[in-house]
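Take a look at the model below.

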Protein chains: 2
Amino acid sequence: MEVDQVVPLPRLPRVAVCGGTHGNELSGVYLVRELLKLQREVMKKEQEEDLKPASVLLVLSNPRAMQQCRRYVDTDLNQCTATLYFLSPSGPLSDMAPYEIIRSRELNALLGPKGSPAAVDLVCDLHNTTANMGLCFIAYSDCDWICLHIFRHLQCVITLNLNPRSAAMEIGPQPHGVVRSNIYTAMKVGVQHMLDWVRLFNSGNVFEGGFVDVFTMVKHIDYPRDSETRNITAAIHPCLQDRDFCLLHPEDPLFQTFSGETVRYKGTEPLYPFFINECAYYEKGIALSLARKRHIICHCAFKD
Amino acid sequence: MEVDQVVPLPRLPRVAVCGGTHGNELSGVYLVRELLKLQREVMKKEQEEDLKPASVLLVLSNPRAMQQCRRYVDTDLNQCTATLYFLSPSGPLSDMAPYEIIRSRELNALLGPKGSPAAVDLVCDLHNTTANMGLCFIAYSDCDWICLHIFRHLQCVITLNLNPRSAAMEIGPQPHGVVRSNIYTAMKVGVQHMLDWVRLFNSGNVFEGGFVDVFTMVKHIDYPRDSETRNITAAIHPCLQDRDFCLLHPEDPLFQTFSGETVRYKGTEPLYPFFINECAYYEKGIALSLARKRHIICHCAFKD
């Protein structure tokens, strides 16, 4: 395939921006609230500029977790929506169903139902991380041309190969339960760029092809743990902390134990670490993830 | 009073170091666990060096909150212990009593009972903050000579004028629910310095007098909030974020609203901000606290 190949793509009449999927990741919570306030003004501006408006659905995904300023109430909503996508979204729910399972049904009805003509065409889910990852888009395929073109406006792409046409905007470092103005503003600019791209695309603009660097996840690494208690016995090494997307070589320091020893990276391949010391991943057994960097073609694209 | 005045002080046979009072402030949790492992070796070293050993009681204050990686289960243990100190510590408890009230009774029995001859002589409570405060000691009086002498080994002192002979070691920035190796190590060094001071003091060393800079809390400032929903409508201004203990002047930027406007400090007196953007204080209605800096005499001290 050539770099100047042209790909016709379906237009994106319905876009959803979701904040508060994790109730303590506050940039998305406050940004969606602000966008809800501004939505009328934005629609007015679109009409004045004669752009074909995208219908932007603004969603606060997990209001109960937001109220408690926790990641989730009963179970991680991220995993619920993934599960619901792959399993049946319509079976009966018991009275004792976890809150997030009930909520994911509501979201499926609001944003979908998946596969139906009424479903939104692009979902952008807003997240924060305690890792020093800057502004990243996490897409679920490396041949989703729409996401790749949006990503070309932005800093960094990770592909996780999970499921179609939705992307997470992940930004850090920010402690969960805290809103930092610089991180909020960067997310606001990121979302504005994404929505601008969608409006231009829907209005018939042609987007040039080119190359994009993406990071494809290879594996996770857990903390060293006590074999009996399963408590962690080390933290991320100071030489690695905050060095997301900086190449990690074999024998580089990985962890520092609580008694002061250095634990080194024993892999044989240099890889790119990300999600280094993400708060929510302690319970998942992930101290950091490692990725390969790839330089891929992003074809010229326009609305079919 | 002269700077060369000499103050005889009672020795400190029993010292307590407490971690996990807030279950998601992880430096103290992992440091107390590590010190428990090392306690036998430390006692052996003290005997070899012919120092009079201080009995160091190591306590994990809120195990249930630690297990859930939350600040508290039912109510803030910090406030429970303060309440118990000022109110009756011995009345009967209902079966429905909040976990932290029950736990504060247990801690009172372990560390006290307050006012009894068996009570510990010094409590050091280990905390983290998301604010960029470095390593701070928070004492509850500015004429507690023992705390002032310990503080002279350290970076910063805040006095809150609350209650006697206990101090908090507060260190940040670190997200709650995360352990950063550099912060852990700084706390470890701080605790070692404090315990070294106690051992030398108990062994008869005389500590020279001098001056100490302390920050005395003047007031708290809340976030701007929506008058109906009480949601915050602004974050700490980027020019103020991470500038703890840097003088804030009238008309300096204080907040940036979610729509981008700057809100300025309207006080008439320049003051020192601290606990800027502490995660746990959103629910307390505190965006930052302001202090006056004072230069106070710390008298020469020795064990009576």
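How are α1(A) and α6(A) oriented to each other? This is a predicted model, and the answer starts from two values. The axes of α1 (residues 26–48) and α6 (residues 181–202) of chain A come within 11 Å. They cross at roughly 40 degrees. An angle under 35 degrees would count as roughly parallel, and 65 to 115 as roughly perpendicular. α1(A) and α6(A) are therefore oblique to each other. The crossing of α1(A) past α6(A) is right-handed.

Which residues of the two helices touch? From α1(A) come Ser27(A), Gly28(A), Tyr30(A), Leu31(A), Glu34(A), Leu35(A), Val42(A) and Glu46(A). α6(A) supplies Ile183(A), Tyr184(A), Met187(A), Lys188(A), Val191(A) and Arg199(A). By class, this contact has 8 nonpolar, 2 polar and 4 charged residues.

## The pair in chain B

Chain B has its own α1 (residues 26–48) and α6 (residues 181–202), packed at an angle of about 40 degrees. Their axes are 11 Å apart. α1(B) and α6(B) are therefore oblique to each other, and their crossing is right-handed.

Contact residues of α1(B) include Tyr30(B), Leu31(B) and Glu34(B). Among those of α6(B) are Ile183(B), Met187(B) and Arg199(B). The class count for α1(B) with α6(B) is 8 nonpolar, 2 polar and 4 charged residues.

The crossing is right-handed.

Ile146(A), His149(A) and Ile150(A) are the α5(A) side of the contact. They meet Met194(A), Trp197(A) and Phe201(A) of α6(A). The contact has 5 nonpolar residues, 1 polar residue and no charged ones.

## How the two chains pair

What rotation places chain A on chain B? One of 180 degrees, with 0.0 Å of shift along its axis and an RMSD of 0.0 Å. The two copies are thus related as by a two-fold rotation axis. Within chain A, the C-alpha nearest that axis belongs to Pro175(A), at 2.3 Å. Both copies use the same surface, as 100% of the contact residues of chain A recur in chain B.

The contact takes 28 residues from chain A and 28 residues from chain B. About 2500 Å² is buried between the chains, and carbon and sulfur atoms give 54% of that area. On the chain A side, Arg180(A), Ser181(A) and Phe258(A) lose the most area to chain B. Together they account for 23% of what that side buries.

## Backbone details

Most residues other than glycine have a negative phi, and most peptide bonds are trans. Where does the backbone of chain A hold a cis bond? The peptide bond from Gly172(A) to Pro173(A) is cis, with omega near 15 degrees. Pro173(A) sits in the loop between β7 (166–172) and α6 of chain A. In chain B, a cis peptide bond joins Gly172(B) and Pro173(B), with omega about 10 degrees. Pro173(B) lies in the loop between β7 (166–172) and α6 of chain B.

Asp242(A) is a residue other than glycine with a positive phi, near 75 degrees. Its place is the loop between β9 (234–236) and β10 (253–257) of chain A.

Definitions and conventions
Residues are numbered from 1 along each chain as its sequence is written. Chains are lettered from A and ligands numbered from 1 in the order in which they are written. This is a predicted model: local features need pLDDT of at least 70, side-chain atom pairs count only at pLDDT 80 or more; totals for chains, interfaces and linings use all residues. Side-chain values use heavy atoms; hydrogens and water are left out. Copies are superposed by least squares on the C-alpha atoms of residues with pLDDT of at least 70 in both. Contact means heavy atoms within 4.5 Å. Axes are lines fitted to C-alpha atoms, for helices over the stretch in contact, and angles run from 0 to 180 degrees between N-to-C directions. Helices (H or I, at least four residues) and strands (E, at least two) are DSSP runs, numbered from the N terminus. Angles under 35 degrees count as roughly parallel, over 145 as roughly antiparallel, 65 to 115 as roughly perpendicular and the rest as oblique. A crossing is left-handed if the near helix is turned anticlockwise from the far one by less than a right angle, and right-handed if clockwise. Ala, Val, Leu, Ile, Met, Phe, Trp, Tyr, Cys and Pro count as nonpolar, Asp, Glu, Lys and Arg as charged, and the others, Gly among them, as polar. Buried area is the accessible area (1.4 Å probe) that two parts lose on being put together, summed over both.
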